[in-house]
Amino acid sequence: MPKDLQSLEHYLEEIEPIDTYIYEEVNSTNSIASELAREAFKRPILVVANKQTAGRGRMGRHWYSPANSNIYMSLVLKLNAMVLYPELITLYSAVCVWQVIGETVKESLGHLWIKWPNDLYWEDKKLGGILTESLYSAGKPEFFVIGIGLNVNSDKEEIQRQTDLVWTSLRAETARDYKRDSLIAGITGTILKDLYLLSEPDRITKMWKERTRTIGARVKVITGNYEFEGLAEDIDSKGHLIVRDAFSGDRVTISTADIVHIR
Ligand code: BTN
């Protein structure tokens with residue numbers, strides 16, 4: 001196990017009981033976490049890997065996941081009635097990750113923001129993302145798998161060669177290495193601490209809006225079927241994005257799409 005993951009279990013002892021699985025290599029921590037939850041779920045499950053061979057991003061994209069440098073973690077929660085709108089889990093998690101990075105990396109303040117719905121950006125470069133998946137039982141979501149990928153110590157040029165977006169890592173921005181175990185424990189503890197907020201959509205959307213640059217931005221909305229440009233005006237209580245179509249003037253509510261900020 002790489003040195004900067006060795007103290008993870010120790011750090012997690014401070015947090016409420018969770019079942020932790022740390023792997024050298026997996027296909028996708030989200031897939032492993034789903035299998036473990038279906039086999040037996042007693043308390044929150046955390047799956048961490050040093051490397052992923054088939055990491056998944058949103059919209060069916062591949063998530064580049066080299067060994068020894070970045071965070072690939074999945075947290076499985078059983079939330080039931082508490083969750084009014086499952087979409088908010090992703091927004092809430094993005095706020096938690098934003099907060100932990102802010103506490104750990106002082107230089108990030110003023111640079112780090114959340115792009116709708118759940119991308120973590122350092123200025124105009126992507127630093128991380130969140131893929132939340134629901135596991136259904138009898139037609140209802142029973143478990144939620146929050147998959148978090150964060151570029152921590154990887155070399156910027158290396159990531160850039162593998163992906164078409166503009167990427168960065170904490171190390172690329174600050175010229176320092178970070179201990180992944182302490183960041184993972186911080187993110188896990190922060191998410192678990194205030195889960196009650198999931199029954200208070202207005203508080204989550206407020207926290208999210210304080211950390212985004214999407215609201216008020218001109219955006220291009222790209223879905224599988226159509227594209228349009230407009231002004232991102234707000235998010236609703238489910239976390240859906242409300243965009244004023246520049247052509248028709250209509251207010252369109254977007255639940256799933258890619259958005260590109262236009263200058
Ligand atoms: C995005 O498209 O921005 C979301 C990326 C989510 C990647 C993480 S890495 C850990 C977890 N396992 C996966 O296969 N995907 C998520």
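**Around the ligand and along the loops**

User: How do the residues of the shell around the ligand divide into nonpolar, polar and charged?

Analyst: The model is predicted, so to speak on its own terms, local features need pLDDT of at least 70, side-chain atom pairs count only at pLDDT 80 or more, and totals for chains, interfaces and linings use all residues. Residues are numbered from 1 along each chain as its sequence is written, while side-chain values use heavy atoms, with hydrogens and water left out. Ala, Val, Leu, Ile, Met, Phe, Trp, Tyr, Cys and Pro count as nonpolar, Asp, Glu, Lys and Arg as charged, and the others, Gly among them, as polar. On that basis the shell residues divide into 6 nonpolar, 10 polar and 4 charged.

User: Which residues around the ligand come nearest?

Analyst: A residue is near a molecule if one of its heavy atoms lies within 4 Å of it. There are 20 residues around the ligand, and those that come nearest are Ser28, Gln52, Arg56, Arg58 and Lys126.

User: At what distance from an oxygen atom of the ligand does a backbone N or O atom of Arg58 lie?

Analyst: The side chain of Gln52 has an N or O atom 3.0 Å from a nitrogen atom of the ligand. For Arg58 the atom concerned is a backbone N or O atom, and its distance from an oxygen atom of the ligand is 2.6 Å.

User: Which element gives the most to the shell around the ligand?

Analyst: An N or O atom in the side chain of Asp119 is 3.4 Å from an oxygen atom of the ligand. Two or more residues of the shell come from each of α2 (29-39), β3 (71-77), β6 (125-137) and β7 (140-150), where helices (H or I, at least four residues) and strands (E, at least two) are DSSP runs, numbered from the N terminus. With 4 residues, the element that gives the most to this shell is β6.

User: Is Lys126 buried or exposed?

Analyst: Lys126 belongs to strand β6, and its relative accessible area is 8%. Buried means under 20%, exposed over 50% and partly exposed in between, with a 1.4 Å probe and protein chains only. By that scale Lys126 is buried.

User: What is omega for the peptide bond that joins Trp116 and Pro117?

Analyst: Pro117 has its place in the loop between β4 (112-115) and β5 (119-122). Most peptide bonds are trans. The bond between Trp116 and Pro117 is cis, with an omega of about -5 degrees.

User: What is the phi of Glu123?

Analyst: Glu123 lies in the loop between β5 and β6 and is partly exposed, at a relative accessible area of 28%. Most residues other than glycine have a negative phi. Glu123 is not a glycine, yet its phi is positive, at about 50 degrees.

User: What is the relative accessibility of Ala175?

Analyst: Ala175 is found in the loop between α5 (170-174) and α6 (180-193). Although Ala175 is a residue other than glycine, its phi is positive, near 60 degrees. Ala175 counts as exposed because its relative accessibility is 71%.

User: How far apart are the C-alpha atoms of Gly224 and Thr256?

Analyst: Gly224 sits in the loop between β8 (218-222) and β9 (227-235), where it is exposed with a relative accessible area of 79%. Along the chain Gly224 and Thr256 are 32 residues apart, and their C-alpha atoms are separated by 9.5 Å.

User: What separates the C-alpha atoms of Tyr21 and Arg251?

Analyst: Tyr21 is placed in strand β1 (residues 19-23) and counts as partly exposed at 31% relative accessibility. Tyr21 and Arg251 are 230 residues apart along the chain, and the separation of their C-alpha atoms is 45 Å.

Definitions and conventions. Polar contact = N/O pair within 3.5 Å; in protein donor to acceptor, adjacent residues only side chain to side chain.
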